[in-house]
Amino acid sequence: MKSLKLRPFVPSGEDYPLAVRFYEDMGFEKMFTSDELTIFRMDETEFHLQNYQNAEFQMNYMLELCVQDLDAWWSHLQNAVIGKYGVKAKPPEIQPYGRRAIHLLDPAGVLWHFTEV
């Protein structure tokens, strides 16, 4: 038995078009889009942005994106999405579990952990 890929479904929050633009500006490529779902990809990373709002779920949903150059990602996020969308983010810092990480809340309140591999 072999697992090939995990593609999470991420809630968009109340403004689905805004969420789509946010992830495009973050650097993800749209592979498919409709009024209900957009499939995004960057390299081998894929996820489904679902036109769905549930505040309690969104505020408790977290994803980890493992990247090669965390400092380059921090610079990119500052230039491409943080100021433009008014989202909250914490710069790279060592976490208690030993990895450097950026924490970013998307417009719906989903918490993204960017970690260096």
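Predicted model: local features only at pLDDT ≥ 70, side-chain atom pairs only at ≥ 80, totals over all residues.
How many residues lie between E7 and E8 in their hairpin, and which glycine in the turn has a positive phi?

**View 1. The hairpin of E7 and E8, with glycine 109 in its turn.**
Five residues separate the two strands of this hairpin, and glycine 109 in the turn has a positive phi of about 100°. Strands E7 (residues 100–105) and E8 run antiparallel and are joined by five bridges. To find your place along the pair, look for alanine 101, which stands opposite threonine 115 in E8.

**View 2. Glycine 109 and its contact with glutamine 58.**
Leaving aside neighbours within four places in sequence, glycine 109 is in contact with Gln58 and Met59. Glutamine 58 belongs to helix H2 (residues 55–58) and is itself buried, with a relative accessible area of 4%. Not counting residues up to four places away in sequence, glutamine 58 touches Pro11, Gly13, Tyr52, Gln53, Ala108, Gly109 and Val110. For a sense of scale, the C-alpha atoms of glycine 109 and valine 81 are 14 Å apart in space, while the two residues are 28 apart in sequence.

**View 3. An open sheet of four strands with mixed pairing.**
From one strand to the next, the twist averages 20°. Strand E5 (residues 62–67) runs parallel to strand E8 (residues 111–116), and six bridges join the two. Here leucine 65 is a handy landmark, standing opposite phenylalanine 114 in E8.

**View 4. Helix H3 lying across the sheet strands.**
Helix H3 (residues 70–85) lies across E5, E6, E7 and E8 and runs at about 15° to E7. Look along the helix for a kink of about 50°, centred on glutamine 78. Which residues of H3 are buried? They are Leu70, Trp73, Trp74, Leu77, Ala80, Val81, Ile82 and Tyr85. These buried residues pack against H1, E3, E5, E6, E7 and E8.

**View 5. The largest nonpolar core, with 30 residues.**
Within this core, the residues with the most contacts are Tyr23, Met26, Trp112 and Phe114. H1, strand E3 (37–42), E4, E5, H3, E7 and E8 each supply at least two of the core residues. The largest share, eight residues, comes from H3.

Setting aside residues up to four places away in sequence, phenylalanine 114 touches Met26, Leu65, Val67, Leu70, Trp73, Leu77, Arg100, Ala101, Ile102 and Leu104.

**View 6. Aromatic pairs, with tyrosine 23 and phenylalanine 47 as an edge-to-face example.**
The structure holds 14 aromatic pairs. The ring centres of tyrosine 23 and phenylalanine 47 are 5.0 Å apart and their planes meet at 70°, so this pair is edge-to-face. Tyrosine 23 lies in helix H1 (residues 16–26) and phenylalanine 47 in strand E4 (residues 45–50), so the pair ties together parts that are 24 residues apart in sequence. Both residues are buried. Ring pairs also link a cluster made up of Phe22, Tyr23, Phe28, Phe40, Phe47, Trp73, Tyr85, Trp112 and Phe114.

**View 7. The tilted pair of phenylalanine 57 and tyrosine 61.**
What are the distance between centres and the angle between planes for phenylalanine 57 and tyrosine 61? The centres are 4.9 Å apart, with 40° between the planes. Phenylalanine 57 has 37% relative accessibility and so counts as partly exposed, whereas tyrosine 61, at 16%, counts as buried.

Note on methods. Residues numbered from 1 in each chain as written. Heavy atoms only, no water. Pairing = 2+ DSSP bridges. Axes fitted to C-alpha atoms, helices over the stretch in contact; angles between N-to-C directions. Contact = heavy atoms within 4.5 Å. Phe/Tyr/Trp six-rings, centres within 6.5 Å; stacked < 30°, edge-to-face > 60°. Buried < 20%, exposed > 50% of the residue type's maximum accessible area, 1.4 Å probe, protein only. Core = buried A, V, L, I, M, F, W, Y, C linked by side-chain atoms within 4.5 Å. Bend = angle between axes of the 7 residues up to and from the residue.
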